[in-house]
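Hi everyone, thanks for coming along. Let me put the structure up on the screen, and then we can walk through a few spots together.

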Amino acid sequence: MTPDRWDAAVFKARVDEVLHPFVAREADLFAAIDPSLAPVAAQVEAAVADGKRLRAAFCYWGWRAAGQPDSAALVRAAASLELIHAAAVVHDDLIDDSALRHGRPTAHIALRGAVRRRPRSVAAARSLAMLVGDLLMGMAGQLFTTSGLPAAYLGRARPLWTVLGRELIAGECLEILRTGAEPDTGASLKVIRYKTAKYTVEQPLLIGGALAGAGGRLREGYSAYGLPLGEAFQLRDDLLGLFGDPGRTGKANADDVCGHRPTALLAETWRVAGDDDRDRLRALLGRRDLDEDGLDAVREVMRRLKAPGLVEDMITARVEEALDALHELNDVPSRAADALTALANSATVRLS
């Protein structure tokens, strides 16, 4: 990627060139404390092995849209957001009891091998996974503060880290509190906003902007673009979670249904369903033993009620809202506007 031309694959490689050696060094230092820590260190590295690096990209273009040039130090700072994401994913998989991520066992499943001869081995593996997430979160702060950016720049952005952490954890808590409750679209959208939308798009943009010294109008534009786009990103994830190809998504289709999670897809289905369909859904949601026939029955209800189309409409409306907000920022350099337009499409038109 040249500094003035956006290439997602090349940018991902730049972020990976920062992340992988940094995490490998930290994992080695961790494992050097005691040989028994090696499986935990391996999961720390596994947590950052994959990913589209969207959060780093939004941070980068939050910096560039404010008129700053390409910067290796900024890429390092942006890469730290991928460690927050990795930590959130490890914790989310643990909370949701998900068995697969990127087609591989999740941390709390993989770590069972390290404790299989211990008392309460399943609980022990879950505890180790929780600590993997905690370690990744701590590493994120270290990478950010040692990125090489001037201390004054970092100081402008540091308060946003507190906001990001508060809102991300609030979203996770809201999802837990809403799981198993009667589906409600408004409640589901609030979960989406705080659990995913803000830390995926809005906060990375704002952090990049703060590092660059962006003014108030530009920061408002970042939020007007970032919030609806982040919601559209998660709405797409809801659809892929149930109707996507597990070979592409790397996750099990049954997770949201078996967990009776408060997805917008389920909430929209519930909103338009009659009593008979609601009774049918009640009999299937939250069943840990749900087989493929049961999953197909849920899909059949959703398709018949055209719920996937309703969610597609929500995605389209939010992408349009985001792009309208972007186009109103007339002073954003054209290369940054083009990149943010491309990111809006890649974040919401995807198969995994």
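Let's start with Asp238: which residues does Asp238 touch, not counting residues up to four places away in sequence? The answer is Ile192, Asp256, Thr263, Ala264 and Leu265. Please keep in mind that what you see is a predicted model.

One of those partners deserves a second look. The Asp238 side chain reaches the backbone nitrogen of Ala264, at 3.2 Å.

Is Asp238 buried or exposed? Its relative accessibility is 5%, and buried means under 20%, so Asp238 counts as buried.

Asp238 is found in helix α9, which covers residues 216–243 and has 28 residues. From first C-alpha to last, α9 reaches 41 Å, close to the 40 Å expected at 1.5 Å a residue. The helix is mostly covered, too: 22 of its 28 residues are buried.

Next, let's move to Ser71. Where is Ser71 placed? Look in the loop between α3, residues 54–64, and α4, residues 72–96. Ser71 has a relative accessible area of 14%, so by that under-20% cut-off Ser71 is buried as well. The side chain of Ser71 reaches the backbone nitrogen of Ala73 at 3.3 Å. If we leave aside neighbours within four places in sequence, Ser71 is in contact with Arg14, Trp63 and Leu149.

On to the rings. How many aromatic pairs does a search of the whole structure find? It finds 7. Take Tyr60 and Trp61: their ring centres are 5.0 Å apart and their planes sit at 85°. Why is that pair called edge-to-face? Planes over 60 degrees apart count as edge-to-face, and 85° is over that cut-off. Tyr60 is buried, with a relative accessible area of 0%, and Trp61 is buried with a value of 0%. Ring pairs also link Trp6, Phe11, Tyr60 and Trp61 into a cluster.

Last stop: charges over rings. Arg156 lies over the face of Tyr153, at 4.5 Å from the ring centre. For the other example, come back to α9, residues 216–243. There, the ring of Phe233 has the charged end of Arg350 sitting over it, 4.1 Å from the ring centre.

Conventions
Residues are numbered from 1 along each chain as its sequence is written. This is a predicted model: local features need pLDDT of at least 70, side-chain atom pairs count only at pLDDT 80 or more; totals for chains, interfaces and linings use all residues. Side-chain values use heavy atoms; hydrogens and water are left out. Helices (H or I, at least four residues) and strands (E, at least two) are DSSP runs, numbered from the N terminus. Buried means under 20% relative accessible area, exposed over 50%, partly exposed in between (1.4 Å probe, protein chains only). A polar contact is a pair of N or O atoms within 3.5 Å; within protein, one must be able to donate a hydrogen and the other to accept it, and residues adjacent in sequence count only if both atoms are side-chain atoms. Contact means heavy atoms within 4.5 Å. The expected span of a helix is 1.5 Å times one less than its number of residues. Rings of Phe, Tyr and Trp (its six-membered ring) pair if their centres lie within 6.5 Å; planes under 30 degrees apart count as stacked, over 60 as edge-to-face and the rest as tilted. A charge sits over a ring if NZ of Lys or CZ of Arg is within 6 Å of the ring centre and within 35 degrees of the ring normal.
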